[in-house]
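The entries follow in the order in which I made them.

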Amino acid sequence: MTRIFGISGSLRRASFNTGLLRAAADLAPEGVEIEVRSIAGVPIYDGDMEAEHGLPAAVVALQEGLAAADALLLVTPEYNNGIPGAFKNAIDWMSRPPAGRDLFRGKPVAIIGASPGNFGTTLAQTHWLPVIRTLGMEPWFGGRLMVSRARDVFDEAGTLTDPATRERLAEFLQGYARFLRRPLD
Ligand code: FNR
């Protein structure tokens, strides 16, 4: 079983991005399990808090989940043409020792996202690139999924209902799964 650790970068109840991640878990190819995780409960990074109390429980739980997985799937909203601060903040916390950077180094990662606008998180996805490079991750660039005009393809609860978008997501996941199963030398 290939395990993909999926994190949605939105805290909103009816989030399109959390809905996209739930749909990814539903549509995971045979032999692949996608975990649906959230950044809820992660406080704003504060070096004094870290020095005095160590890593918050929500951060340790995310670190443990990623450590146990074969790969990461970032499901990113876009705010002001970039990564939402809360999502970047969660990854910043996760990169802290003792587990920290070693968790990310060499781990495969793919990025998808959804927005109500016309460009479907193109710029937020691009904004992640220096972050995953700095963390030493192994990005999969073999497919792209930017879900635009999200109000037309998700229902009010944030469930991805549009068959064509579900098909694009399934194809994306099949490509990522093929990459993850490639023979390593
Ligand atoms: C947005 N939104 C947005 N959308 C987009 O496509 N490009 C952008 O630059 C922005 N900027 C932006 C800034 C701020 C502060 C907010 C709150 C929102 C809209 C955003 O895509 C929309 O709120 C989505 O619904 C967020 O994703 P979730 O929460 O549905 O997953």
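**Entry 1: Ser-8**

I began with Ser-8, which is found in strand E1; helices (H or I, at least four residues) and strands (E, at least two) are DSSP runs, numbered from the N terminus. I note that this is a predicted model, in which local features need pLDDT of at least 70, side-chain atom pairs count only at pLDDT 80 or more, and totals for chains, interfaces and linings use all residues. Residues are numbered from 1 along each chain as its sequence is written, and side-chain values use heavy atoms, with hydrogens and water left out.

Is Ser-8 buried or exposed? I found Ser-8 to be buried, because its relative accessibility is 0%; buried means under 20% relative accessible area, exposed over 50%, and partly exposed in between (1.4 Å probe, protein chains only). I then looked up its polar contacts, a polar contact being a pair of N or O atoms within 3.5 Å, where within protein one must be able to donate a hydrogen and the other to accept it, and residues adjacent in sequence count only if both atoms are side-chain atoms. The side chains of Ser-8 and Thr-18 are joined by such a contact of 2.7 Å, and the side chain of Ser-8 also reaches the backbone nitrogen of Ser-10 at 3.3 Å. Leaving aside neighbours within four places in sequence, I listed the residues in contact with Ser-8 (heavy atoms within 4.5 Å), among them Ser-15, Asn-17, Arg-37, Val-75 and Phe-87.

**Entry 2: the ligand**

I next went through the polar distances to oxygen atoms of the ligand. A backbone N or O atom of Phe-16 lies 2.9 Å from a ligand oxygen, an N or O atom in the side chain of Asn-17 is 2.8 Å from a ligand oxygen, and a polar backbone atom of Asn-81 is 2.8 Å from a ligand oxygen. The protein covers 69% of the 620 Å² of accessible area that the ligand has on its own, with areas from the Shrake-Rupley method with a 1.4 Å probe; for residues, only the protein chains shown count as cover.

**Entry 3: strand E4**

I turned to strand E4 (residues 108-114), which is largely enclosed by the rest of the structure because 7 of its 7 residues are buried. Pro-108, Ala-110, Ile-112 and Ala-114 point one way from E4, while Val-109, Ile-111 and Gly-113 point the other way.

Strand E3 (residues 71-75) runs parallel to E4 and is joined to it by 4 bridges, with Leu-73 opposite Ala-110. Strand E5 (residues 138-139) pairs with E4 in the parallel sense over 2 bridges, where Glu-138 is the bridge partner of Pro-108. Strand E6 (residues 145-147) is joined to E4 by 3 bridges, again parallel, and Val-147 in E6 stands opposite Ala-114.

**Entry 4: backbone geometry in the loops**

I checked the peptide bond from Pro-97 to Pro-98 and found it cis, with omega near 10 degrees; Pro-98 lies in the loop between helix H4 (85-94) and helix H5 (100-104).

Thr-121, in the loop between E4 and helix H6 (122-127), has a phi near 75 degrees, a positive value in a residue other than glycine. Thr-121 is buried, with a relative accessible area of 1%. Arg-149 also has a positive phi, of about 45 degrees, although it is not a glycine, and it is found in the loop between E6 and helix H8 (163-180). Arg-149 counts as partly exposed, because its relative accessibility is 44%.

**Entry 5: helix H4**

Methods
Pairing = 2+ DSSP bridges.
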